[in-house]
Amino acid sequence: MRVILVRHGKASKDPQYANDDARPLTKRGQAEVTALAEWLGRAGITVHQIRHSGLLRARQTAEIFAEQIKPAGGVVAVRGLLFDDPVDELPGELALETEPVMLVGHNPFVERLTAALLRAGAAQPPVSFATSSAACLDYVDGYWTVRWVLHRELTGAGSDVGEG
């Protein structure tokens, strides 16, 4: 089993979005997510389904990934991927998946889930997720291991794109 954990791209901080759920990706966030998704597409990375938290910025991030990796199971909003959602049950649930999946969520959730999967201490997450970052974990012989981590800096995106 394989899971790719993704933190959404940079979201707008414009006060017009008083409702946090409605904050969209910035142009820079879109560019960084697109570069990350294109990188994964060129590398031949595939997943059966992309799941996101339902918040606009996570949905937009998931849709950008879907354009590149075309998951057969589509893009779906699911419960349990928000900032403070519990992670205790997810390692067992993900181990039962039969196809690779991508989860697009938020910090600190993504870092806490990674720590739970790797059975690491909660004080310092084993993987730091900036916006537009991804980590791939494999479940083999009863344990989750890190296969790779990709940070937006490695894709070369966003440096020539403004914040807006």
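This is a predicted model: local features need pLDDT of at least 70, side-chain atom pairs count only at pLDDT 80 or more; totals for chains, interfaces and linings use all residues.
Two strands are said to pair if DSSP finds at least two bridges between them, and this is the sense in which pairing is used in the legends below.

View 1. Read from the N terminus on, the elements follow the order β-α-β-α-β-α-β-α-β-β-α. The C-alpha atoms fill a box of roughly 45 × 35 × 30 Å along the principal axes. The radius of gyration of the chain is 15 Å, which agrees with the value near 15 Å that a compact globule of 164 residues would have. Of the contacts between residues at least 6 apart in sequence, 71% join residues at least 24 apart. Buried residues account for 46% of the 164 residues, and the accessible surface comes to about 8200 Å², of which 49% belongs to carbon and sulfur atoms.

View 2. Strand β1, made of residues 2-7, is mostly covered, since five of its six residues are buried. Five bridges join β1 to strand β4 (residues 101-105), and these two strands run parallel; one of the pairs is R7 with its bridge partner G105 in β4. Six bridges join β1 to strand β5 (residues 133-140), and here the strands run antiparallel, with V6 standing opposite A134 in β5.

**View 3. R119 and S132, two residues with positive phi.** Most residues other than glycine have a negative phi. R119, although it is not a glycine, has a positive phi of about 55°, and S132, also not a glycine, has a positive phi of about 55°. R119 is placed in the loop between α4 and β5, and S132 lies in the loop between α4 and β5 as well. Are these two residues buried or exposed? R119 has a relative accessible area of 59% and is therefore exposed, as the cut-off for exposed is over 50%. S132 has a relative accessibility of 1% and so counts as buried, because buried means under 20%.

Terms used
Residues are numbered from 1 along each chain as its sequence is written. Side-chain values use heavy atoms; hydrogens and water are left out. Helices (H or I, at least four residues) and strands (E, at least two) are DSSP runs, numbered from the N terminus. The radius of gyration is taken over C-alpha atoms; the globule rule is 2.2 Å times the number of residues to the power 0.38. Buried means under 20% relative accessible area, exposed over 50%, partly exposed in between (1.4 Å probe, protein chains only). Contact means heavy atoms within 4.5 Å. Accessible areas come from the Shrake-Rupley method with a 1.4 Å probe; for residues, only the protein chains shown count as cover.
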